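Have the viewer open while you read, and follow the residues as they come up.

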Amino acid sequence: MITFVIAVVLLLLGYFIYAKILDRIVEVDANRPTPAISHPDGVDYVPMKPWRIYLIQFLNIAGVGPICGAIMGAQFGTASFLWIVFGSIFAGAVHDFIAGFISIRKDGASLPEIHGAYLGNGMKTFMRIFTILLMVLVGAVFVNTPAVLLNANFTPDWNIFIWVGIIFAYYLIATLLPIDKLIGKIYPVFGILLLAMAAAIVVAFIAFRPEIPELWEGLQNRHPDAAHNPIFPMMFISIACGAISGFHATQSPLMARCMTNEKQARPVFYGSMITEGIVALIWAAAAAYFFGPDSPVDTAGKGGPAMVSVIANTWFPAAIAVVTVLGVISAAITSGDTALRSARLIVADFLNYDQKPIKNRLFVAVPIFVVTAAILVYSLMDAKGFDVIWRYFAWSNQVLATVTLWTLSVYLFLKRKPYILTLIPAIFMTMVTGCFLFVAEKEGLGSFIPRWLGYTIGAVITMAVTCIFFLAIKKMRKNNLSEEE
């Protein structure tokens, strides 16, 4: 329990100390008009109150990531606590904050447009396609998850496609309506619910005093199948949204278009990530106890959603347990709809297609929903379909975060700022995603090549990308380029 308390304190210190340093580095200007002030359109560029923006951003980026991802990451042992804390402070929150801030400065630009501004038009085109595909995968995953949970917990006699249809219809409505009409009104409520769920588990810690593993007990891999799931890189892919996630930077432009002052960037972007890190830490700590030898119930073979039910039903009265499950469901739904909304905005941005008329929004949204529906049907009809989609989503998500960190490094270099702040996380995440392809046995080539070779290939990829970065900034330095150019 001591490790858990120290970890929470460190996350809070990250916000109150490190985030303020970043605030000065990016040169926040409280007097500079934001996109929502300079040209509101009543659809996507809509001024909103800071507390609403914070809760919406928190819910957008959270989803089931800091819950299910943290629970499954806890299987690896106390190393998961370290990754959540230091990943959130020095990688995830930095990634979210600077990407969101650039979006404010660039008129609420979508993430691929930011990639293109600093990595070139070729990368912009590639990242447009890559990011849209990721958003479609997120949409499919976050229809599947809540539909399965709703069907299993509340309507076992229903055909699951009834819930799929209901959730899909809601997604389309939320994607098309002005952001303040539906998302702006109900998301803060769901955000508070997600925080209340985490607070309830902390109360359970105090009431039941579970034996949560301590850091000094060792960092050994406690995964039930440790031989085939090494901590590096598997844990760093499993725990994404609780430490760093590329999906976050796709959501930041939604809120960048609603802010009324640049000073809101630190609490909204950095603060939301730290809040998510605390939530992930709470669920990881609870799961570490239930996965441990002192668990009061058998948790063998249980995945993230099943573990949510186990934790809730063991520690809480029936009514609170139901609310906890509903909270997880709402978290999934409220990330799925904003993912598809982001896809609509990304497509509209590169087509330069005005989104104020609803017919234009429909024109962009309908093809996106058709593709999402096709992937969703596959995930439900094939027994292994969801696992395949989730693996592609998890890896793609971290690849997006990696590309974004390299983009931010170029941005800071051009601004004559200490780009090492994003360079170190960029190099680390390149190693994680590169090794994953060649070390993971189910998801990559790990079952065909020796593990040492997989790590070697990952290291070579990392060194190559790092060399390309330094050659690029050497050329920029020689040409005396600045961020304005």
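Which helices each supply at least two residues of the lining of the largest cavity? They are helix 6 (111-119), helix 11 (246-256) and helix 14 (318-351). Please keep in mind that this is a predicted model. Rolling a probe the size of a water molecule over the atoms shows where empty space is left.

**Cavities**

- Searching the whole structure turns up 2 cavities of 30 Å³ or more.
- The largest cavity holds about 50 Å³ of space.
- Its lining is made of Ser-110, Leu-111, Pro-112, Thr-250, Pro-253, Leu-254, Arg-257, Ser-342, Leu-345 and Ile-346.
- By residue class, the lining of the largest cavity has 6 nonpolar, 3 polar and 1 charged.
- For the second largest cavity, the volume is about 40 Å³.
- Around the second largest cavity you will find Ile-61, Ala-62, Gly-63, Gly-65, Val-138, Phe-142, Cys-241, Phe-247, Ser-335 and Phe-393.
- Helix 3 (50-62) and helix 7 (121-153) are the elements that give two or more residues to the lining of the second largest cavity.
- That lining, of the second largest cavity, counts 7 nonpolar, 3 polar and no charged residues.

**The second largest pocket**

- The volume of the second largest pocket is about 550 Å³.
- It is lined by 22 residues, and Leu-119, Met-123, Val-403, Trp-406 and Val-465 are the closest to its centre.
- At least two lining residues of this second largest pocket come from each of helix 6, helix 7, helix 16 (385-414), helix 17 (420-439) and helix 18 (451-478).
- The pocket's lining splits into 18 nonpolar, 4 polar and no charged residues.

**How helix 6 packs on helix 7**

- Two packed helices are described by the angle between their axes and the distance between the axes.
- For helix 6 and helix 7, the axes come within 7 Å and cross at roughly 160°.
- Why is helix 6 roughly antiparallel to helix 7? The crossing angle of roughly 160° is over 145 degrees, which makes helix 6 roughly antiparallel to helix 7.
- On the helix 6 side, the contact involves Pro-112, Glu-113, His-115, Gly-116 and Leu-119; on the helix 7 side, Asn-121, Met-123, Lys-124, Met-127, Arg-128 and Thr-131.
- The residues of this contact between helix 6 and helix 7 divide into 4 nonpolar, 4 polar and 3 charged.

**Residues to revisit**

- Pro-112 lines the largest cavity and also takes part in the contact of helix 6 with helix 7.
- Leu-119 and Met-123 belong to that helix contact, and both are among the residues closest to the centre of the second largest pocket.

Technical notes. Residues are numbered from 1 along each chain as its sequence is written. This is a predicted model: local features need pLDDT of at least 70, side-chain atom pairs count only at pLDDT 80 or more; totals for chains, interfaces and linings use all residues. Side-chain values use heavy atoms; hydrogens and water are left out. On a 1 Å grid over the protein atoms alone, a cavity is a set of points where a 1.4 Å probe fits but cannot get out, and a pocket is an open set with protein on both sides within 12 Å along at least five of seven lines; lining residues have an atom within 4 Å of a point. Grid points are joined across faces, edges and corners, and a volume is the space filled by probe spheres set on the points. Helices (H or I, at least four residues) and strands (E, at least two) are DSSP runs, numbered from the N terminus. Ala, Val, Leu, Ile, Met, Phe, Trp, Tyr, Cys and Pro count as nonpolar, Asp, Glu, Lys and Arg as charged, and the others, Gly among them, as polar. Axes are lines fitted to C-alpha atoms, for helices over the stretch in contact, and angles run from 0 to 180 degrees between N-to-C directions. Angles under 35 degrees count as roughly parallel, over 145 as roughly antiparallel, 65 to 115 as roughly perpendicular and the rest as oblique. Contact means heavy atoms within 4.5 Å.
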